[in-house]
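Subject: Structure for your review

Dear colleague,

Please find below the structure that I am handing over to you.

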Amino acid sequence: MTPALDLSGRVAVVTGASRGIGYFIALELAAAGAHVIAVARTVGGLEELDDQIKATGGQATLVPLDLADMAGIDRLGGAIHERWGKLDVLVANAAVLGVISPIGHVEAKTFEKVMTINVTSTWRLIRSVDPLLRISDAGRAIVLSSNAAHSARAFWTPYAASKAAVETMMRSWAHETENLALRVNAADPGATRTAMRAQAVPGEDPETLPHPSEIAKRIVPLASPALTETGLIFQAKHNRFVAYRQPE
């Protein structure tokens, strides 16, 4: 876990918290003292997470929610305001891969689902909790992205386009809030031993990839009240921030 990071008294939302990187980010945040609001569709995964958090003395609130439910995302912000009056940390982690396919073979329903879950629901979540993060004395937003947003690899169109859109939203939001206490960054976990990675690259040996718990340990410090960076990409593989630049 991350004993050096003290998030005592802070409230954190993690989407896609029932498995993979989101699951371990939630565990790390709770170990650092944050009350974790864990959001995911899979109730069983959320209950397992809750058991793990309680076993280490942490606290969590479980929110079974399909992020295609936009009204539900709106209600989430309202519920957080009623109970806590603020939000200190947002980890927008939930995403779907869609399909690895030539662009002309991607079905409309697949493309639309990727954009709904990866892009529209992320915007809706930001819209719902932005006022709460502004109330915090050190609001922190971490938006999970991917190198696919920049490499534009062949056959990855839906996912790559969605992550490029998410990063653009993050950058614009960071510029809007750069004079506030709120810090907003993207996190690129790199290739990680997750179910999504296995779906995307089925022939790859998962043992050659870092475990999501390792990646979570590197990402969670972005929630620190001492963080000063904003509008950047954190590359977990290299444990560093990198800046954007205009096309050359």
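A charge is said to sit over a ring if NZ of Lys or CZ of Arg is within 6 Å of the ring centre and within 35 degrees of the ring normal. Arginine 171 meets this description: it lies over the face of tyrosine 244, at 4.1 Å from the ring centre. Please bear in mind throughout that the model is predicted.

Aromatic rings

Three aromatic pairs turn up when the whole structure is searched. In one of them, phenylalanine 234 and phenylalanine 241 have ring centres 5.3 Å apart and planes at 65 degrees; planes over 60 degrees apart count as edge-to-face, so this pair is edge-to-face. Phenylalanine 234 has a relative accessible area of 5% and is buried, whereas phenylalanine 241, at 26%, is partly exposed.

Helix 1

Helix 1 covers residues 20–31. Its twelve residues, at 1.5 Å a residue, should span 16 Å, and the C-alpha atoms at its ends are 17 Å apart, which agrees. How much of this helix is covered? Nine of the twelve residues in helix 1 are buried, so that it is mostly covered. Among the buried ones are Ile21, Tyr23, Leu27 and Glu28. The buried residues of helix 1 pack against strand 1 (11–15), strand 2 (35–40), helix 2 (43–55), strand 4 (89–92) and helix 8 (212–219). After helix 1 comes glycine 33, with a positive phi near 110 degrees.

Strand 6 and its partners

Strand 6 (residues 183–188) is mostly covered, with six of its six residues buried. Arg183, Asn185 and Ala187 point one way from the strand, while Val184, Ala186 and Asp188 point the other way; all are buried. Which strands pair with strand 6? Strand 5 (residues 140–144) runs parallel to strand 6 and is joined to it by five bridges; here arginine 140 has arginine 183 as its bridge partner. Strand 7 (residues 233–235) also pairs with strand 6 in the parallel sense, over three bridges, and alanine 186 has isoleucine 233 as its bridge partner in strand 7.

The nonpolar cores

The largest nonpolar core has 34 residues, and those with the most contacts inside it are Ile37, Val39, Leu87, Leu90, Leu133 and Trp173. Several elements give two or more residues to this core, including strand 1, strand 2, helix 3 (70–83) and helix 6 (157–176). Helix 4 gives the most, with eight residues. What does leucine 87 touch, not counting residues up to four places away in sequence? Leucine 87 touches Val11, Ala12, Val13, Ile80, Val129, Leu132, Leu133 and Ser136. A second, separate core has 33 residues, including Ala17, Leu27, Val220 and Phe234.

A residue in helix 4

Threonine 122 is found in helix 4 (residues 108–135). Is threonine 122 buried or exposed? Its relative accessible area is 7%; buried means under 20%, so threonine 122 is buried. Leaving aside neighbours within four places in sequence, threonine 122 is in contact with Ala92, Ile117, Val143, Val166 and Met169.

Yours sincerely,
A colleague

Key
Residues numbered from 1 in each chain as written. Predicted model: local features only at pLDDT ≥ 70, side-chain atom pairs only at ≥ 80, totals over all residues. Heavy atoms only, no water. Helix = DSSP H or I, 4+ residues; strand = E, 2+ residues; numbered from the N terminus. Expected span 1.5 Å × (residues − 1). Buried < 20%, exposed > 50% of the residue type's maximum accessible area, 1.4 Å probe, protein only. Contact = heavy atoms within 4.5 Å. Phe/Tyr/Trp six-rings, centres within 6.5 Å; stacked < 30°, edge-to-face > 60°. Pairing = 2+ DSSP bridges. Core = buried A, V, L, I, M, F, W, Y, C linked by side-chain atoms within 4.5 Å.
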